[in-house]
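Dear colleague,

I am passing on the structure below, followed by my notes on what came out of the analysis.

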Amino acid sequence: MSGARRPVILDCDPGTDDALALWLALASPEIDLRMVTVVGGNVGLERTVANAASVVGLSRAVVPVVPGAGRPLRGHFAGEVRVHGDDGLRGVTLPPGPPPVAAVAADAIRAMLHTMPPAGMTLVGIGPATNLALALATEPELAGKLREIVLMGGAWGEGNWTPAAEFNAASDPEALDILLALGVPLTLLTLELTSQALVRPERVAAMRGLGDGACLRAACDIMDAVLPSRRLGGKGHPLHDACAIAWLIAPELFETRLVSVQVDCGHGPARGRTHVDRWGRSGAAATVTLPDTLDTEAFFALLGRRLARLP
Ligand code: BDR
Ligand code: CA
């Protein structure tokens with residue numbers, strides 16, 4: 001590891017793959033996880049907050065968990081229980097975590113950004129972007145405090161929520177649009193990238209052999225409980241959100257390109273679609289980093305090594 005630990009606020013909606021992302025962040029010395037903010041997404045806000053607190057609690061880390069928005073800026077909440085189950089963790093029960101902070105995520109993000117030097121904070125969003133957008137739409141000058149925004153969301157091909165759109169982008173397109181317009185360096189990990197992080201039974205079995213800590217065991221139980229993705233031919237399921245953390249701690253596992261991205265905020269069948277210009281056809285400035293390829297074996301090796309460090 002070179003240089004200081006990177007201050008990070010992680011906004012999430014646990015969510016099976018969110019739980020894995022949280023543990024990977026908590027296990028990684030490159031990341032100084034200052035706050036976990038929570039949004040309604042895969043399941044309702046009450047459940048995502050409880051799950052986030054449980055995940056943090058099991059790691060014995062002392063990191064504030066702050067509840068945020070329970071619905072998108074416009075439109076209605078829609079969960080993804082088909083993938084994550086009614087409880088968001090596919091039936092894997094964790095002990096209750098510490099009580100969440102009595103605050104509102106967007107306000108807590110703004111307050112923390114005020115304490116930071118210019119370009120001091122990295123925001124990672126692995127759920128609908130509502131909390132992050134609310135924070136930055138209220139005080140756009142706080143964008144100067146950001147080093148980078150890293151988002152799991154969008155797709156340049158087929159969606160996984162509608163034919164056109166990926167779940168996080170489709171859940172709150174207006175919020176994603178606000179983040180894309182900030183002018184802050186932004187990395188977007190789309191479905192095409194995260195589909196390369198395919199959880200398969202033999203990968204989980206190898207990980208189980210690395211230790212017997214409660215977090216590693218729970219992470220493996222969760223990965224085993226998620227059903228294989230029909231979209232990916234039933235070969236496994238993608239560990240979307242953990243890719244965003246891997247990007248921060250091991251960028252050498254990725255090949256990237258610069259692209260321009262627009263999100264469809266209309267109300268037709270393309271709502272939430274991310275138009276990703278991978279070949280510079282639109283003439284728009286290519287300012288978004290798009291990780292294109294992942295070294296899958298190295299990713300799972302890293303994940304296992306890191307989770308084995310946790311209690
Ligand atoms: C994204 O949607 C959620 O279901 C996952 O947690 C991930 O953040 C993938 O489309
Ligand atoms: Ca998520």
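H237 sits in strand β8 (strands being DSSP runs of E of at least two residues, helices runs of H or I of at least four, both numbered from the N terminus). Apart from neighbours within four places in sequence, H237 is in contact with A197, L198, V199, M223, V226, L227, P228 and S229, where contact means heavy atoms within 4.5 Å.

Please bear in mind that this is a predicted model, in which local features need pLDDT of at least 70 and side-chain atom pairs count only at pLDDT 80 or more, while totals for chains, interfaces and linings use all residues. Residues are numbered from 1 along each chain as its sequence is written, chains are lettered from A and ligands numbered from 1 in the order in which they are written, and side-chain values use heavy atoms, with hydrogens and water left out.

The calcium ion (ligand 2) is coordinated at 2.2 to 2.6 Å by D13 (OD), D18 (OD), D18 (OD), I126 (O) and D241 (OD); donors are N, O and S atoms within 2.8 Å of the metal, or 3.2 Å for Na, K and Ca, and since water is not among the atoms, sites may look incomplete. Because D18 lies in helix α1 (residues 16-26) and I126 in the loop between β4 (121-125) and α5 (130-138), the pair ties together parts that are 108 residues apart in sequence. D18 is buried, at a relative accessible area of 0%, and I126 is buried as well, at 1%.

Turning to helix α10, its buried residues are C215, L216, A218, A219, C220, I222 and M223, and they pack against α1, α2 (45-59), β7 (198-199), α9 (201-208), β8 and α12 (296-307). The 12 residues of α10 should span 16 Å at 1.5 Å a residue, and the end C-alpha atoms are 16 Å apart, which agrees (the expected span being 1.5 Å times one less than the number of residues).

Finally, D86 lies in the loop between α3 and α4 (105-114) and counts as exposed at 69% relative accessibility. Not counting residues up to four places away in sequence, D86 touches V43, R47 and V81, and its C-alpha atom is separated by 9.0 Å from that of N42, 44 residues apart along the chain.

How values were computed: Buried < 20%, exposed > 50% of the residue type's maximum accessible area, 1.4 Å probe, protein only.
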